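The following exercises concern contacts within and between protein chains.

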Amino acid sequence: MTTQALAQVLASGLLMGLIYALIAVGLSLIFGLMDVVNFAHGEFLMIAMYATFGLVLATQLDPVVLMPLVAALLFALGGASYLGVVRFAMRAKANQGMVQIFATFGLAILLQGVAQYLFTPDYRNVQNTWLGGRTLEVGGVFLPWPQIFGAVVSLAAFGGLHLLMSRTDFGRALEATREDQGAVALVGIDRNRVFALGWGLGAALVGLAGAVLAVFYYIHPQVGASFALIAYVTVALGGFGSVAGALVAGVIVGLVEAFTAVILPPALKSVGVYALYLAVVFVRPQGLFGRL
Amino acid sequence: MIRRRDLLVGGAGALALAGAGLRPARAADEVVVGVLYAMSGASAQVGVDARHAIETALDIVNADHALDLPLAKGTGLPGLGGAKIRLVFADHQADPQKGRAEAERLITQDKVAALVGCYQSAVSNTVSATAERYGVPFVCADSSSPSLHRRNLKFFFRPAAHDEMFSAAMFDFLDAQRAKGQTIGSVALFFEDTIYGVDSANVQRKLAGERGYKVVADIKYKTNSPSLTAEVQQLKTANADVLLPTSYTTDAILLTKTMAELGYKPKSMLAQAAGFAEKVTYDTVGDKLQGLISRGSFSLDLAAKRPSVGAVNALYKARAARDLNDNSSRQFMALLVLADAVNRAGSTDGQKIRAALSATDIPGAQTIMPWKRVAFGPDGQNTEADPVLLQWVGDKFVTVFPDSAAVAPALWPMKA
């Protein structure tokens, strides 16, 4: 394998990894906040992609410009999912974990069905964007602009999230609620409000990822499934609830996937990712950055 | 006191009675045919289109149409006293196990006389095995894996060509290009990891060896992958004279986009249809596929040689809001071939329909395909289903091979 080919694999893996991290961080955030795994996470991504597609058609603006709007829409969807579904699932007296899993799973199937009904199972594609189809070539290594942009958005989102969590009252309220749900009520923090905002924030982050993906990926009611699986292993590898873990694990998953496809037949490329995860489970079952 | 349990039991009983009353009479006034496609999931669009194609065929059989196609004139099946065909659709979600379960349900509960399906070869595999066990004929419309008709099944019939015939046509075409002075030394195989891709690649690998083409890349990839970057990188490094992709729609779109992103322009592409036969692929990335050649069973420009093509396409388009393609044309023909056999059998009995299917002899002119005729060998394969090669030029497919069907010479190499 030539140095150039090696550099290409490294660069491609890194760019995809940062996008995987952006897809996964919302999932990790919600889990960290309230110990709920959102099985509709992939469907949030799918809705974000359709939202981008629809807004581009309606406004004729570029997805880059529409990104904040998509994030805002997803913020609303996330908050509504909490208030409309998860809040009730959390009231279960027994098997609360199971009820939550199946409630979000049901939400996933519902969203897929609604998307197929409304948008038909045809494949969609956002055409004529500023970034679409453009590629940066550096010494024979090809870096597609949509992925570079996605990686930058991902890093910016992680930076913004870090500031939000550490510098704002809302961030401190999130952190406090995640430490002790009961105690925060005593100091006047509305638990439901914090959870709804947390879900909104998690969904808004996957909304950014959806807007990025819509530029270079096909859009389909089932598109979330292939990314959701990667998001789950990213969150598990990085440590449930850890924002920094999601970033590091996303990059690791991207790189391991890219290099596995070089070493093993590409059909087995996800094997490397799961083998690595299993190896991490032996040493650190809580994930790389997970708390005990 | 009325307990909840009593209400439930009583309610169920009442529902069952109502159900019995509502169930249509199953006399000889109708023939029930089960149709299995993925109506949800990543391949749902193929299923939705298949439904429109098969319902178009149903309309041609059940209603009166002035077309030179089997059973077009007059209504229903004259061999069964004018009985009409009724379709029952089932969703197999591209899952072989769901296909098996749905086939069993159609046979045992809906009492279907025959089955039609299933697009994904892996699903046709399990469905045809189930049909065989119950002695119900299965007409395989559009699955092209060659292993399907080599399992000694008595109730399996495939009017369309399989991938060996398609791949042979592809290599015949390459040989013809060589004879014209083109330099074609190497090929790259790029195929998805289910029975469709694997069988296709096995045939292509063998043909390449026999005919002296060097296989410089042999890449099996995971279907519906989130990224194909590493795979395309390998294709780019190999830079074969001809890239031979075997992909469903999702992967066909992603492959094309990724090739463009990595600055890989294949010298030529010769595709095993499926995703590369779907118009949506060209709607999304058609500009990058100019000059791609796909094997096919159908092309709209066949209208010059098959007079029914235009009229059938108009009927289909009224339902599906799109033109017939490689897949929907075969789905359409499958029901016509089955209806023709049921009509001659004069019965809904599985054995009798099987015997009639075996004796099928429909001339090519009475189809919408480039086939010479429909006549099944002992293994259930139509041996006279001539494949064609189609080239994507501008915004439509042009038949370029074989010479007997070609409307224009092939542009070689491709100019994407």
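**Exercise 1.** State which residue ranges form the two domains of chain B, and how far apart the domain centres lie.

*Solution.* 
Step 1. Domain bounds here come from an automatic or database domain assignment. For chain B, this assignment gives domain 1 as 30-161 + 303-385, and domain 2 as 164-296 + 389-401.
Step 2. The C-alpha centres of domain 1 of chain B and domain 2 of chain B are 28 Å apart.
Step 3. Contact means heavy atoms within 4.5 Å; on this basis, 22 residues from domain 1 of chain B and 18 residues from domain 2 of chain B take part.

Before continuing, note that this is a predicted model, in which local features need pLDDT of at least 70 and side-chain atom pairs count only at pLDDT 80 or more, while totals for chains, interfaces and linings use all residues. Residues are numbered from 1 along each chain as its sequence is written, chains are lettered from A and ligands numbered from 1 in the order in which they are written, and side-chain values use heavy atoms, with hydrogens and water left out.

**Exercise 2.** Describe the salt bridges between domain 1 of chain B and domain 2 of chain B.

*Solution.* 
Step 1. A salt bridge requires a side-chain nitrogen of Lys or Arg within 4 Å of a carboxyl oxygen of Asp or Glu.
Step 2. Two salt bridges are counted between domain 1 of chain B and domain 2 of chain B.
Step 3. B:Arg150 forms a salt bridge with B:Glu164, with 2.8 Å between the closest N and O atoms.

**Exercise 3.** Determine how much area is buried between chain B and chain A, and which residues of chain B lose the most.

*Solution.* 
Step 1. Buried area is the accessible area (1.4 Å probe) that two parts lose on being put together, summed over both.
Step 2. Between chain B and chain A this area is about 2800 Å², and carbon and sulfur atoms give 56% of it.
Step 3. In chain B, the most area is lost to chain A by B:Pro226, B:Lys257 and B:Glu261, together 22% of what that side buries.

**Exercise 4.** Characterise the contact between chain B and chain A by residues and salt bridges.

*Solution.* 
Step 1. Here 37 residues of chain B are in contact with 35 residues of chain A.
Step 2. Two salt bridges are found across the interface of chain B and chain A.
Step 3. A salt bridge joins the side chains of A:Lys269 and B:Glu231, at 3.0 Å from N to O.
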